[in-house]
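Dear colleague,

My notes on it follow directly after.

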Amino acid sequence: MSRKPTPEQIRRAPKVLLHDHLDGGLRPETIIELADTVGYTGLPAADPATLGAWFTSAADSGSLDRYLETFRHTVGVMQTRGALERVAAECAEDLAADGVVYAEVRYAPEQHLTEGLRLEEVVEAVQAGFAAGCRRAAERGTPIRVGTLLTAMRHAARSREIAELAVRYRDEGVVGFDIAGAEAGYPPTRHLDAFEYLRRENAHFTIHAGEAFGLPSIWEALQWCGADRLGHGVRIVDDITVDDARDADGARLGRLAAYVRDKRIPLEMCPSSNVQTGAADSIATHPIGLLRRLRFRVTVNTDNRLLGGVTLSDELAALVDAFGYDWDDLEWFTVNAMKSAFLPFDERLALINGRIKPGFAQLKWAVR
Ligand SMILES: O=c1[nH]cnc2c1ncn2[C@H]1C[C@H](O)[C@@H](CO)O1
Ligand SMILES: [Zn+2]
């Protein structure tokens with residue numbers, strides 16, 4: 001399997017995405033149309049191309065805090081039932097068009113209440129949108145399944161309420177919970193009550209940790225809060241020393257890194273977002289290269305498609321360029337992600353055996 005996967009072939013591969021923000025993936029033209037409809041006047045540009053370029057360049061800030069400031073424009077137009085439905089439907093369609101067969105998409109319901117919606121109405125609008133988008137994608141011959149994660153903002157104080165909301169909607173497409181937002185100064189243990197509640201409810205959750213802040217954040221997320229997965233988790237490399245950077249065998253793992261690898265804790269890695277926020281210097285030097293060689297449970301994700309100007313296929317193609325990954329590597333990332341999803345075991349297995357393995361086998365055969 002020596003042929004380098006091309007961007008077009010990667011787009012055709014059946015992919016899995018675990019870390020994608022609904023409010024970070026809008027189409028620029030949709031933002032403009034929604035702003036018009038709902039009377040939002042703060043947009044920094046009036047045509048889709050300029051607006052798209054504004055997001056990628058503003059997000060290229062080298063700082064998570066400034067990266068997060070750009071969300072005021074997306075969240076600003078996502079305050080009505082119709083807007084939420086449309087954004088969710090288009091999200092499912094866009095992911096399906098990129099060849100994603102299973103996605104977990106997250107957003108923070110508490111950020112969509114300024115025009116009077118209740119939390120339940122927000123969740124129901126988003127679920128209705130995903131259902132419509134998945135229906136349309138299936139009609140086009142690109143079926144996709146979407147699970148929703150409800151996020152609580154780590155600087156706010158509504159995490160217990162949002163956790164209860166996630167449990168209430170667990171049989172209607174909500175598959176888990178997350179906390180996001182500025183990391184420094186807002187440790188995961190601030191939300192311990194929410195995580196303890198979720199564990200008692202046998203519910204799943206991931207935590208953004210080890211992105212803008214280091215090992216203590218990852219340690220709290222796992223050992224105090226009991227996170228099933230790590231959002232980013234890229235700073236786990238701070239607990240790994242490598243004598244020769246090109247030789248993974250020379251690596252020594254500290255106790256936390258060893259725990260993460262031993263327990264097969266999934267890392268939701270988002271390379272281009274990390275470069276934008278300054279969590280990594282470049283794709284070529286991104287810790288994903290080392291972590292993959294050391295066989296951590298690495299998954300590849302987009303984080304925010306609008307801010308990065310990327311699709312999941314683009315992320316994978318960039319890794320192929322940087323690290324020379326082949327089809328086996330891409331399939332390994334994909335199966336890792338599917339194994340780590342918050343769907344029931346039998347459904348994960350069905351997607352691995354029914355879509356991922358046959359899809360990759362077909363591509364490998366075609367390019368042999
Ligand atoms: O990469 C991220 N780190 C922390 N927070 C993030 C990231 N990307 C998006 N968010 C925040 C901003 C969104 O408004 C919120 C919910 O999707 O999550
Ligand atoms: Zn994120």
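E211 counts as buried because it has 26 C-beta neighbours inside 10 Å; a residue is called buried if 20 or more other C-beta atoms, placed from the backbone, lie within 10 Å of its own, exposed if 12 or fewer, and partly exposed in between. Please note that this is a predicted model, in which local features need pLDDT of at least 70 and side-chain atom pairs count only at pLDDT 80 or more, while totals for chains, interfaces and linings use all residues. Residues are numbered from 1 along each chain as its sequence is written, and chains are lettered from A and ligands numbered from 1 in the order in which they are written.

E211 lies in the loop that runs between β5 (206-209) and α10 (215-224). Helices (H or I, at least four residues) and strands (E, at least two) are DSSP runs, numbered from the N terminus. Neighbours within four places in sequence aside, E211 is in contact with L64, E183, H232, V234, T277 and A279, contact being C-beta atoms, placed from the backbone, within 7 Å. An unreviewed UniProt entry lists E211 under "active site"; such annotations may be inferred rather than shown by experiment.

Turning to the strands, β3 (residues 145-153) pairs in the parallel sense with β4 over six bridges, and β2 with β3 likewise in the parallel sense over six bridges; pairing requires that DSSP finds at least two bridges between two strands. T148 in β3 is the bridge partner of V105 and also stands opposite V174 in β4. T151, in turn, stands opposite D178 in β4.

Eight of the nine residues of β3 are buried, so the rest of the structure largely encloses this strand. Strand β4 (residues 174-180) is likewise largely enclosed, because six of its seven residues are buried.

With kind regards

Definitions and conventions: Two residues are in contact if their C-beta atoms, placed from the backbone, lie within 7 Å.
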